[in-house]
Structures are given as C-alpha cells and as structure tokens.
Amino acid sequence: MPTVITAAPVPSAVPLPSSAPVASAPSVASVALEKKPLSAAALPRSITYEGLVERGLHFADRNGDNWVVVSTKEATKPGATDWDSTLRSKYLFVRHVVLDATGPRELRLLRDHEVDCDFDLLLRVTEEAFTVTDVDADGYGEVNLGYESACRSDVSPATYKFFLLENGAKFGVRGTTKVPDGTTWWGGDMKADPELEAQPALFAHAKALWPKLTKRPL
Ligand SMILES: [Ca+2]
C-alpha cells in the first residue's frame, strides 16, 4: 500500500538543495508506485511552488520520476466597512510534475481558494486521502487528493472535493461533508465528473472512499 508522505510547512524563502535522488524509471510492464520521503528540503530546486509547502509525494510510474507538491498561501485584508472584521483568504496549489533529464515537466496544476471570508475559514487537505494508487493498472499513478473548504459561522456541511490526477488528467467528485443534525444527518451529497464516471475502476475507487472522507462523527 502506498504511504502518505508529509512535509512540515516551511517558508518558501528557505533555500532548497539543488537535487534529490531520482528514482530510476520503472519498466512499463511492472510499474511500482515507489515512494520516497518528501520533505520541502528534499524538493529539487527546479520544482517551484507558491506559498508554503504543506505536504508532498514522490513516486515512480510509467512517466518516470513524479513529484507532487501541495502548497498554500494565506492573505488578509480589512473589511469594506468599519463594522466588518478582517477578511481572510486561503489559496491551495497542487502541482504534479515529472522530472526528466531536461528538467521538470508539469502534468497538472490544480488551484482552488476560499476568499474574503469574515467567518471561520477552512481549506484543508485530508491527510489520509493524500496518496498514490494505480487502481486501473495502466502504469500511471493516480494522485489521490481530497480537501474540504468553507467560510461559515456554524457547523453546517463544508464543501468537499476529491480528485484523482493521472498522467495530466483530472477526475473529480464534488459535494459536501456529512455532519450530524440531531438524530439524523445533514449533507453528504456527491457528484462525479462525467470523465470520472467513464473510468469504471477510478470511479469505483472514488465512490468507495467518498463516505469515509466526508462523514463526520456524531
Ligand atoms: Ca492508473
């Protein structure tokens, strides 16, 4: 089973070493989703990112040497009127890069944000969902990424999104978390992208994960 590799947040201004060991490209016939620990300090200098590195993945597949960097950036500004509190914004960046002899080649950049929030701002990647799989056994790793976001002053369901990033393609499920509401439940709806529904193995994987990722304890 793939393991999730987490990096402690560090300021982007911290100099990074020039390179890290590069995994040898596996054969097409036997793709091992080999993972190596990834800390921000282990990121090759050629792989750039915005804001602070929150976590990362490093694995080998049919594309070669894959790096995934999750970073975030936060900002604040004054409210529009005297009685408005400070408005907070948070930006999420997920960059999937293949490193080959000529340098980094970006397969996908996923961006999202929660902006100008004057309540409780939430934009958080689910640690246990951040991993790499190859459930359709095509030799290309699927980066699993789930995160919730909200700007709210109560305990209502948050927006939840789950993506599989595979060889530059993005397959998504969008919906909400499922939260207790007295003796019943509130939220938990999900809608898959048509592109995901067209991929049976990936769709089954995402559907199986969805309730585990989105259901909050009573
Ligand atoms: Ca795959």
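## R111, an exposed strand residue

R111 counts as exposed because it has 10 C-beta neighbours inside 10 Å. R111 sits in strand β6, where a strand is a DSSP run of E with at least two residues, a helix is a run of H or I with at least four, and both are numbered from the N terminus. Its contacts, leaving aside neighbours within four places in sequence, are L92 and F93; a contact here means that two C-beta atoms, placed from the backbone, lie within 7 Å. R111 and F93 are 18 residues apart along the chain, and their C-alpha atoms are separated by 4.7 Å.

## The model as a whole

Please keep in mind that this is a predicted model: local features need pLDDT of at least 70 and side-chain atom pairs count only at pLDDT 80 or more, while totals for chains, interfaces and linings use all residues. Residues are numbered from 1 along each chain as its sequence is written.

The protein has 2 helices and 14 strands. Of its 218 residues, 33% are buried. Among contacts with a separation of 6 or more, 56% are between residues 24 or more positions apart.

## The nonpolar core

A nonpolar core is a set of buried Ala, Val, Leu, Ile, Met, Phe, Trp, Tyr and Cys residues joined through C-beta atoms within 7 Å. The largest one holds 39 residues, and the members touching the most others are V69, V143, L145, L164, L196 and A206. Elements that give two or more residues to this core include β3 (52-61), β4 (64-77), β5 (87-100), β6 (103-117) and α2 (200-214).

Beyond its neighbours within four places in sequence, L196 is in contact with F171, G172, V173, L202, F203 and A206.

Strands pair if DSSP finds at least two bridges between them. β9 and β10 run antiparallel and are joined by 8 bridges, forming a hairpin with 6 residues between the strands. In this pairing N144 stands opposite L164 of β10. β10 is largely enclosed by the rest of the structure, because 6 of its 8 residues are buried.

On to the next partner: β10 is also joined to β11 by 8 bridges, again running antiparallel. Here K161 stands opposite R174, and L165 stands opposite K170. β11 in turn runs antiparallel to strand β14 (residues 190-192), with 3 bridges between them, and G175 stands opposite M190. In a regular strand the side chains alternate between the two faces of the sheet.

N167 is found in the loop between β10 and β11. The hairpin of these strands has 2 residues between them, and N167 takes a positive phi near 50° there, although N167 is not a glycine. N167 is partly exposed because 17 other C-beta atoms lie within 10 Å.

A137 also has a positive phi, near 50°, and is a residue other than glycine. This alanine lies in the loop between β8 (131-133) and β9. A137 counts as exposed because it has 8 C-beta neighbours inside 10 Å.

Notes
Buried ≥ 20, exposed ≤ 12 C-beta atoms within 10 Å, placed from the backbone.
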